[in-house]
Amino acid sequence: MDAARPVALVTGASSGIGSAIARSLAPTHDLLLGGRDETALSLLAAELPGAEAWPFDLTNLASADTAHIARLDVVVHSAGVALLGPLGEASADVWRQTFDLNVVAVAELTRLLLPQLRAASGHVVLINSGAGLRANPGWGVYAASKFALRAYADALRADEPSLRVTSVFPGRTDTPMQREVRRQEGGEYDATQYLEPASVGRAVASAVLATPDAHITELVVRPRPR
């Protein structure tokens, strides 16, 4: 990696929003591409100069060798899971699986990376959701995790004043995760009604590249009819 360029770690970088964020940051940052799909991460790293695959399982952070990351300016938490259904049918396992990935893994990975982030006066970006602003029927478990993620971001911003902390709330986005969501909902999939992942990637880049005097704390991005 180039010592003159800042370094960003993007989780969930193997596809969807995470991949789009990596592409948007690639012109200005060296990249660590985090995720479980080593093949997909390696293919993306081959496209982006200064990028390398960093495969690990967010639910088993012992597999993430964070101590060997010498410096880090930005971490973007993009990985997540959405398991839908009425609360009356949501088992404890569904709650645990959702919170483990959407909240606990985010908090623990950030904690492990705090020494590097503090040294760089760095930036933590949390990809939230419209469900982190409003809970709808069938989305209770997922929304609860995203409300918790928003609270985590607010608390981290207060606890670590040397860091910038940004919550990003995208609307429905054309990704493999959204296809799975529509399958769970039993609805048709119409990509023209959703945001393009690159639009979310550019929004994240705008927050990361803001001038040093600016701290963009929240970004809401919604699809426009087309």
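Trainee: At what angle do helix H3 (residues 92–119) and helix H4 (residues 140–159) pack?

Mentor: Some ground rules: the model is predicted, with local features needing pLDDT of at least 70, side-chain atom pairs counting only at pLDDT 80 or more, and totals for chains, interfaces and linings using all residues. Residues are numbered from 1 along each chain as its sequence is written, and side-chain values use heavy atoms, leaving out hydrogens and water. Helices (H or I, at least four residues) and strands (E, at least two) are DSSP runs numbered from the N terminus, while axes are lines fitted to C-alpha atoms, for helices over the stretch in contact, with angles from 0 to 180 degrees between N-to-C directions. For H3 and H4, the axes lie 9 Å apart and the angle is about 15 degrees.

Trainee: What orientation does H3 have to H4?

Mentor: Angles under 35 degrees count as roughly parallel, over 145 as roughly antiparallel, 65 to 115 as roughly perpendicular and the rest as oblique. H3 and H4 pack at about 15 degrees. That makes their orientation roughly parallel.

Trainee: Is the crossing of H3 and H4 left-handed or right-handed?

Mentor: A crossing is left-handed if the near helix is turned anticlockwise from the far one by less than a right angle, and right-handed if clockwise. The crossing of H3 and H4 is right-handed.

Trainee: How many nonpolar residues does the contact of H3 with H4 have?

Mentor: Contact means heavy atoms within 4.5 Å; on the H3 side the residues are Val94, Trp95, Thr98, Phe99, Asn102, Val103, Val106, Ala107 and Thr110. H4 brings Gly140, Val141, Tyr142, Ala144, Ser145, Lys146, Ala148, Leu149, Tyr152 and Leu156. Ala, Val, Leu, Ile, Met, Phe, Trp, Tyr, Cys and Pro count as nonpolar, Asp, Glu, Lys and Arg as charged, and the others, Gly among them, as polar. The H3–H4 contact has one charged residue and five polar ones, and its nonpolar residues number 13.

Trainee: And H1 with H6: what class of orientation do they have to each other?

Mentor: The axes of helix H1 (residues 16–25) and helix H6 (residues 197–208) come within 8 Å and cross at roughly 50 degrees. H1 and H6 are therefore oblique.

Trainee: How many nonpolar residues are there in the contact of H1 with H6?

Mentor: H1 passes H6 in a right-handed crossing. Gly16, Ile17, Ala20, Ile21, Ser24 and Leu25 of H1 meet Pro197, Ala198, Val200, Gly201, Arg202, Val204, Ala205 and Val208 of H6. Three of the contact residues are polar and one is charged, and the nonpolar count is 10.

Trainee: How many residues of H1 are buried?

Mentor: Buried means under 20% relative accessible area, exposed over 50% and partly exposed in between (1.4 Å probe, protein chains only). The buried residues in H1 are Gly16, Ile17, Gly18, Ser19, Ala20, Ile21, Ala22 and Leu25. H1 is mostly covered, and of its 10 residues the buried ones number eight.

Trainee: Is Trp54 buried or exposed?

Mentor: Trp54 sits in strand S3 (residues 51–55). Beyond its neighbours within four places in sequence, Trp54 is in contact with residues including Leu9, Leu32, Leu41, Ala64 and Ile69. With a relative accessible area of 12%, Trp54 is buried.

Trainee: What is the phi of Ser121?

Mentor: Most residues other than glycine have a negative phi. Ser121 is in the loop between H3 and strand S5 (123–127), and its relative accessible area of 48% makes it partly exposed. Although Ser121 is not a glycine, its phi is positive, at about 45 degrees.

Trainee: How far apart are the C-alpha atoms of Asp73 and Arg5?

Mentor: Asp73 lies in the loop between S3 and strand S4 (74–77) and is partly exposed, at 22%. Among its contacts beyond four places in sequence are Pro6, Val7 and Leu117. Asp73 and Arg5 are 68 residues apart along the chain, and their C-alpha atoms are separated by 9.6 Å.

Trainee: Finally, what is the radius of gyration of the protein chain?

Mentor: The chain has six helices and seven strands. Taken over C-alpha atoms, the radius is compared with the globule rule, 2.2 Å times the number of residues to the power 0.38. That rule gives 17 Å for 226 residues, so the chain is as compact as a globular protein of that length, its own radius of gyration being 17 Å.
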